[in-house]
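Student: Let's take this model apart one question at a time. I'll ask, and you walk me through the geometry.

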Amino acid sequence: MAAVAGRIYPAVRIEIDSERVADFARAIGADPSGGVPPTYAAVYALGATAPQLFGDQDAAIDYARLLHAEQEFEWQRHPRAGETVTSVGRVASDTSRRGMRFVTLETETTDAAGAPVCRSRTLFVIRS
């Protein structure tokens with residue numbers, strides 16, 4: 001397994017679908033008419049880019065030993081239903097210590113004009 005720190009994955013465009021947003025809002029107990037819930041970033045940011053990391057053979061993520069340790073989001077603004085956003089994932093770090101591997105994935109999400117919408121940072125721990 002080679003460390004993949006610094007690797008940037010291809011951009012992923014996602015339409016913020018109003019029906020999916022409403023379903024998501026109901027699932028978390030939010031008002032579906034209240035707009036896009038902040039936690040929907042797990043769909044358009046992390047959910048869009050993490051599969052690229054997991055499918056990267058060089059990254060060699062062992063799912064049987066994978067823990068999702070931390071996740072944080074920072075918004076410039078929340079997207080609107082019907083808007084298309086673009087997310088780009090980058091492996092910010094990939095280190096090993098004490099028999100565990102720590103992989104941090106950062107995602108930058110922008111709107112159609114290229115203006116920042118959201119930044120996410122997720123730490124995955126892979127036990128040995």
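Student: Over how many bridges do E1 and strand E3 pair?

Tutor: Strands here are DSSP runs of E with at least two residues, helices are runs of H or I with at least four, and both are numbered from the N terminus. Two strands pair if DSSP finds at least two bridges between them. E1 and E3 (residues 84-97) run in the antiparallel sense, and the bridge count is four.

Student: Before we go on, what pLDDT do local features need in this predicted model?

Tutor: Residues are numbered from 1 along each chain as its sequence is written, and side-chain values use heavy atoms, leaving out hydrogens and water. The model is predicted, with totals for chains, interfaces and linings using all residues, side-chain atom pairs counting only at pLDDT 80 or more, and local features needing pLDDT of at least 70.

Student: Which element has the highest mean pLDDT?

Tutor: pLDDT is the predictor's confidence in each residue, on a scale from 0 to 100. The protein averages 95, and 98% of its residues reach 70 or more. Strand E2 (residues 66-75) has the lowest mean of the elements at 93, while the highest, 98, belongs to E1.

Student: Why do the buried residues of H1 count as being on the same side?

Tutor: In helix H1 (residues 18-27), the buried set is Val21, Ala22, Phe24 and Ala25. The arc is taken from the directions running from the helix axis to the C-beta atoms. They share a side of H1 because the arc they cover is only 160 degrees.

Student: Which helix do the buried residues of H1 pack against?

Tutor: The face of H1 turned away from the buried side carries the exposed Glu19, Arg20 and Ala27. Contact means heavy atoms within 4.5 Å. The buried residues of H1 pack against H2 (41-55).

Student: How far is the side-chain oxygen of Asp17 from the backbone nitrogen of Glu19?

Tutor: Asp17 is at the start of H1, and H1 is followed by Gly29, with a positive phi near 80 degrees. The Asp17 oxygen reaches the Glu19 nitrogen to within 3.1 Å.

Student: Which residue's side chain joins Thr109 in a polar contact?

Tutor: Thr109 is found in strand E4 (residues 100-110), and it counts as buried because its relative accessibility is 1%. A polar contact is a pair of N or O atoms within 3.5 Å; within protein, one must be able to donate a hydrogen and the other to accept it, and residues adjacent in sequence count only if both atoms are side-chain atoms. Setting aside residues up to four places away in sequence, Thr109 touches several residues, including Tyr44, Val85 and Cys118. Its 2.7 Å polar contact is with Ser87.

Student: Are the rings of Tyr40 and Tyr44 stacked, tilted or edge-to-face?

Tutor: Rings of Phe, Tyr and Trp (its six-membered ring) pair if their centres lie within 6.5 Å; planes under 30 degrees apart are stacked, over 60 edge-to-face, and the rest tilted. The structure holds five such pairs. With centres 6.3 Å apart and planes at 45 degrees, the Tyr40 and Tyr44 pair is tilted.

Student: What is the angle between the planes of Phe54 and Tyr63?

Tutor: Phe54 counts as partly exposed because its relative accessibility is 22%. Its ring centre lies 5.7 Å from that of Tyr63, and the pair is edge-to-face because the planes are at 75 degrees.

Student: What relative accessible area does Arg98 have?

Tutor: Most residues other than glycine have a negative phi. Arg98, in the loop between E3 and E4, has a positive one of about 50 degrees. Arg98 is exposed because its relative accessible area is 82%.

Student: Last one: which residue in the turn of the E4 and E5 hairpin has a positive phi?

Tutor: E4 and E5 pair in the antiparallel sense over eleven bridges, and in E5 the partner of Leu105 is Thr122. The hairpin has five residues between its strands, and the one in the turn with a positive phi, about 90 degrees, is Gly114.

Notes. Buried < 20%, exposed > 50% of the residue type's maximum accessible area, 1.4 Å probe, protein only.
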